[in-house]
Amino acid sequence: MKVVKGVEITILAETVGLKNLTPEIDLTGALIKTAEINRPALQLTGFLEHFENERVQIIGYVEFSYLMQLSDEERLATYERFVSSKIPCVIFCTKTAPTEEMLKLALKYQVPTFITDRTTSSVMAETIRWLGVQLAPCISIHGVLVDVYGEGVLITGESGIGKSEAALELIKRGHRLVSDDVVELRKVSDATIVGSAPDITRHFIELRGIGIIDVKTLFGVESVKDTQSVDLVIKLEEWDKDKEYDRLGLNSEYTEYLGNKIVCHSLPIRPGRNLAIIVEAAAVNHRQKKMGYNAAEELYNRVQASITKKK
C-alpha cells in the first residue's frame, strides 16, 4: 500500500480557490497531513485541550465576529495564542479578512493565511472532499479501468491476455479510458474505491506490436476520464474446458481491494468472443441489478412458477 505523506498547501489553495495574504512565507515542502479540518471556536476562548493543531483551520463569520468584539489587546493575545500552536494554515471565509496586526502575527509564526469570498460551509465541504481523496489509502494494481455507461469497469488478468485491446474497442464504441496497465486505487470511503492513472501514463495505451498510442489525441477529449469509481471487476482468464463456469449468475462473486468488496466476474477467453460487447453487457447488467432488477432471479422465478403449474 502506498502511504501519502501529505498534500502541498499551495495545491489546496489552487484547487479551492484561495487568495494568499502571506506570500512572504515560503510554502516549499509545507504539507497537510490529515483530511480533517477544524473551526477554532473553543480554542479562541483559550481552551486548547484536545486541540487538533495539525488540521487546516477555518475561521467563519461566527469566529471572526467573536474576535472583532474583543478589545485590541485581547484580540491580539487570543490570536497569538492560536497561531502559535503550530497550525498548518488558516482560511478566512464568508468575506472576512484578518487585520494587519493579525497578519503580522501570522508572519511571525510562519502560518500561511488565506481568504475566500465563499461561504464557510462550501469551503469546508470541498476541502474535506478533496483532501479525503488525495490522502486516501492507495494501492497500484495491474489492469485497465474504463468508464462504460457510467459504470467503472476494472479489467484484470495476466499480461498479454487482451486487456488493452478490449479497452481500445470499448473506446471506439464511445466509452472512456481512465487508465491502462497501472491503475491507482484509492479508498475514499467504506463504500467507494476510486481509480485513476499515474501522471506518467495518463491517457496512454500500450498495444503489443504497435506500441504506445495517445487516446486523448487520437479519439478526442471525450474518450478519456481522469478518475472513476470502481463498480465492477472483469477478470480475464484463459479458457479451461475442464472448468465449470457460472452460466446463470445467481450467486455474486467478489474481489477485495483495500478492505472494500467489489462484484467480480471471471470471463474465459477463447477465439471468436467479442470482449467489448461482453464487458458492455456486464456493465449494463450490473447497473440493472443496482436498480433492483436481476435477470437471473427473474429466470429462476419463471422456472419455479412453471414447475409449480405442472404439478
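This is a predicted model: local features need pLDDT of at least 70, side-chain atom pairs count only at pLDDT 80 or more; totals for chains, interfaces and linings use all residues.

Residues are numbered from 1 along each chain as its sequence is written, and side-chain values use heavy atoms, with hydrogens and water left out.

Q: What is the strand order of the open sheet of five strands?
A: Strands (E, at least two residues) and helices (H or I, at least four) are DSSP runs numbered from the N terminus. Two strands pair if DSSP finds at least two bridges between them. The pairing in this open sheet of five strands is mixed, and the order is β2-β7-β6-β5-β4.

Q: Which strands stand at the edges, each with a single partner strand?
A: The five strands are ordered β2-β7-β6-β5-β4. An edge strand here has one side left without a neighbour in the sheet, because each has a single partner strand; the two are β2 (19-20) and β4 (37-38).

Q: How many nonpolar, polar and charged residues are in the contact of α1 with α6?
A: Contact means heavy atoms within 4.5 Å. Ile11, Leu12, Thr15 and Val16 of α1 meet Val123, Glu126, Thr127 and Trp130 of α6. Ala, Val, Leu, Ile, Met, Phe, Trp, Tyr, Cys and Pro count as nonpolar, Asp, Glu, Lys and Arg as charged, and the others, Gly among them, as polar. By class, the contact has five nonpolar, two polar and one charged residues.

Q: How do the residues of the contact of α4 with α5 divide by class?
A: Helix α4 (residues 72-83) and helix α5 (residues 100-108) pack at about 25° with axes 10 Å apart, which makes α4 roughly parallel to α5. Arg75, Leu76, Tyr79, Glu80 and Val83 in α4 meet Glu101, Met102, Leu105 and Lys108 in α5. The division is five nonpolar, no polar and four charged.

Q: Which are the edge strands of the open sheet formed by six strands?
A: The order is β11-β9-β10-β17-β19-β18, with mixed pairing. The twist averages 35° from one strand to the next. Pairing on one side only are β11 (176-179) and β18 (253-257).

Q: Which strands does helix α9 lie across?
A: Helix α9 (residues 275-290) runs at about 130° to β10. The strands that α9 lies across are β9, β10, β17 and β19 (260-269).

Q: How many of the ten residues of β19 are buried?
A: Buried means under 20% relative accessible area, exposed over 50% and partly exposed in between (1.4 Å probe, protein chains only). β19 pairs with β17 in the parallel sense over seven bridges and with β18 in the antiparallel sense over five bridges. β19 is largely enclosed by the rest of the structure, because the number of its ten residues that are buried is seven.

Q: Which residue takes a positive phi in the hairpin of β18 and β19?
A: In β19, Asn260 is the bridge partner of Tyr257. The hairpin has two residues between the strands, and the one with a positive phi near 55° is Leu258.

Q: Is Glu63 buried or exposed?
A: Glu63 is found in helix α3 (residues 61-68). Not counting residues up to four places away in sequence, Glu63 touches Arg39, Pro40 and Leu44. Its relative accessibility is 6%, so Glu63 counts as buried.

Q: What is the relative accessibility of His203?
A: His203 lies in the loop between β13 (193-196) and β14 (204-207). Leaving aside neighbours within four places in sequence, its contacts include Leu177, Asp214 and Asp226. His203 counts as buried because its relative accessibility is 14%.

Note on methods: Axes are lines fitted to C-alpha atoms, for helices over the stretch in contact, and angles run from 0 to 180 degrees between N-to-C directions. Angles under 35 degrees count as roughly parallel, over 145 as roughly antiparallel, 65 to 115 as roughly perpendicular and the rest as oblique.
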